[in-house]
Every structure is written in C-alpha cells, then in structure tokens.
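Here are my notes for you. Keep the model open as you read, and find each residue as it comes up.

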Amino acid sequence: MGSHVPLATRVPTAIAARDADFGRHLVRFAASGGAFFGSEKWGGEGCDEGFGGRLASGDGADTTDAAVVDELTHAGVDARQILGRAVAEAIDLRRRRALLDVAGGSGIYACCLVAQHPHLKATVLEKRPVDTVARAAIAKRGFAGTVWVVAGDMFKDSWPAGFDVHLISNVLHDWDVPVVKKILARSFESMAPGGLVVIHDAHLNAGKSGPLHVAEYSAMLMHSTEGRCYSVAEMREYLREVGYRFEKFTPTAAGRSIVTARKPA
Ligand SMILES: C[S@@+](CC[C@H](N)C(=O)[O-])C[C@H]1O[C@@H](n2cnc3c(N)ncnc32)[C@H](O)[C@@H]1O
C-alpha cells in the first residue's frame, strides 16, 4: 500500500506557495488559450514556429480579441517566471560565465538565470521568427545587453561555441528518442570542456512509476507532440551515450526538475 502523505506536510511552505501561484497562472493560461491553440499540434511542425512565431506573423490570431492575446501571453510568462526562478535558485553557476539557452522561447529562463547570477552572460538560440519575439520580450524585461538572441535551427545550424552552460528547458519532451539524442550530441559537440548541461523538464522517476502528474503530462505530450516525458534513468543514459557525465537530479517547482551533467575537461 502506498503511503499518501498530504502535499502540504511534505514540502516547505515557500515551495507550496510557489506551486500554487504557478497553478493559478496556468489556469489563466488555459482559460485564455483555447481559442488560440485549438487542435494545433505542439512539437513537430506546430512547434517549429511555436506560439511566439504565430504571434509574430499574426497568422495564429484566430481570435480578434487583443485582451485574450494579452492575458494568454502574460499568464504564460508569469507561470514560466516561477519555474525560471526555481531553476535559477537550484543551480550553482558561480564559476560559470556564458549560458546558451537552447530553443529558449521568449528567453524568460535566460533572464531569470541572469537575474539570479548577474555575472553570467546569456544567449538564447531560437528559430526564426521566434527570435524576433524573444528579442522584444527580453528588451521589455530590461535584459537587452545582458541576454542576447541568436537566430538558428538547432538541428541544421552550428551551435554557437564558447559557452560553458547549456540550458535545454522543456525542449526534449517535444521529441522522440533519436531526436533527443541528436540534440544532446549537438550540445556535447559545441560545449566548452568542463561545461555543464542543464536539462529542465518534467521527469519521471527512474523506475517510471511516477509521479502521477508527470505521467499524465507525458500522456498529453504523446497525444500532441512527437515526444513524452523522459525518466531520470533514460536521461542519464542518453547523456552518457553522447559523452556527458551525469551529475545530479534536482526537483525545482511545480513537478519540474533539472538533470545536470558535465563534459569532461
Ligand atoms: C516547448 S518550447 C520551450 C521554450 C523554452 N525553452 C521554455 O522552457 O519555455 C520549444 C521551443 O523550441 C523552439 N524550436 C523548435 N524547433 C526548433 C529548432 N529547430 N531550432 C531552434 N528552436 C526550435 C520553438 O520555437 C519553441 O520556442
């Protein structure tokens, strides 16, 4: 029989409050997002341009209600900001200098990391036209000059060199195993010796018996993308195959976690 301990007694109050805030913003996001996403496939082709891309080109705006777009954008950003801060607090980047946020979307994670670690320079690698949205969002947050954006296709173009941290956040869950391994291999090739790769995602436990909410999220991803949630054990193995040395698994917020690994010096 499993031991079901009420969540509130298992997690510190600050974390519980942060997760509750995340939930509130997610409900706002879902409530305002229906008109936008409809049957749009995430991952694969749909994800190539992403929400930001459709906003940039204007062709995703089935809705004519600017307030819906505004609420959707802000709710998504507010939720991600909570996750971003949790990632920034969970990793020791004191001796790191340059971070590449791979397929970094609006750059919210790069901004959160630079806010927490001001000595760090960050660059977001994003596909066109999302790079334009990212640049504008970063400037709006006041991070122009600290967080840069490079337009590129992570599958076809060379990844910029000279970075000693790669953040791969909520990206691998969009793709099937061969593509996941390709992304990790590309990271390893371009990573500075001794560099750190940080995989931020919703991870299943090593035995794939839970957590239940990650399994549910994985089922949703399997329906709507080419990917799923990977387990800590799978991630560890894929990282090892491309040459990385697994470092650790750290829970962050709202069922998300980070897996870190190092490239040998
Ligand atoms: C699920 S979003 C994750 C965004 C961000 N990292 C986060 O954690 O919120 C996936 C991102 O991958 C980007 N993307 C998809 N295909 C790409 C490609 N071939 N090259 C670069 N970015 C790509 C999309 O534009 C989108 O912003």
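1. A term to begin with: a polar contact is a pair of N or O atoms within 3.5 Å. Now look at A103. One of its backbone N or O atoms lies 2.8 Å from a nitrogen atom of the ligand. Bear in mind that this is a predicted model.

2. Two other residues deserve a look here. M154 has a backbone N or O atom 2.9 Å from a nitrogen atom of the ligand. E126 uses its side chain: an N or O atom there is 2.5 Å from an oxygen atom of the ligand. How much of the ligand's accessible area does the protein cover? On its own the ligand has 590 Å², and the protein covers 91% of that.

3. Now the whole shell. There are 17 residues around the ligand, and A103, E126, M154, S169 and N170 come nearest. By type, the shell has six nonpolar, five polar and six charged residues.

4. Step back to the overall fold. The protein has nine helices and seven strands. It is 265 residues long, and 48% of them count as buried. Take the contacts with a separation of 6 or more: 71% of them join residues 24 or more positions apart. The accessible surface is about 12800 Å², and carbon and sulfur atoms hold 57% of it.

5. The largest nonpolar core has 32 residues. Those with the most contacts inside it are I91, L93, L99, L113, I138, V147 and V198. Several elements give two or more residues to this core: the helices α4 (66–90), α5 (108–116) and α6 (130–140), and the strands β2 (121–126), β3 (147–151), β4 (165–169) and β5 (196–201). Which element gives the most? It is α5, with seven residues.

6. Pick out L93 in that core. Leave aside residues up to four places away in sequence. L93 then touches L113, H117, H119, L120, V165 and L196. A separate core has 27 residues, including M235, Y238, V242 and Y244.

7. Last, S231. It sits in the loop between α8 (212–224) and α9 (232–242). Is S231 buried or exposed? Its relative accessible area is 1%. Buried means under 20%, so S231 is buried. Beyond its neighbours within four places in sequence, S231 is in contact with L204, N205, A206 and K208.

Conventions
Residues are numbered from 1 along each chain as its sequence is written. This is a predicted model: local features need pLDDT of at least 70, side-chain atom pairs count only at pLDDT 80 or more; totals for chains, interfaces and linings use all residues. Side-chain values use heavy atoms; hydrogens and water are left out. Helices (H or I, at least four residues) and strands (E, at least two) are DSSP runs, numbered from the N terminus. Buried means under 20% relative accessible area, exposed over 50%, partly exposed in between (1.4 Å probe, protein chains only). Contact means heavy atoms within 4.5 Å. Accessible areas come from the Shrake-Rupley method with a 1.4 Å probe; for residues, only the protein chains shown count as cover. A residue is near a molecule or strand if one of its heavy atoms lies within 4 Å of it. A polar contact is a pair of N or O atoms within 3.5 Å; within protein, one must be able to donate a hydrogen and the other to accept it, and residues adjacent in sequence count only if both atoms are side-chain atoms. Ala, Val, Leu, Ile, Met, Phe, Trp, Tyr, Cys and Pro count as nonpolar, Asp, Glu, Lys and Arg as charged, and the others, Gly among them, as polar. A nonpolar core is a set of buried Ala, Val, Leu, Ile, Met, Phe, Trp, Tyr and Cys residues joined through side-chain atoms within 4.5 Å.
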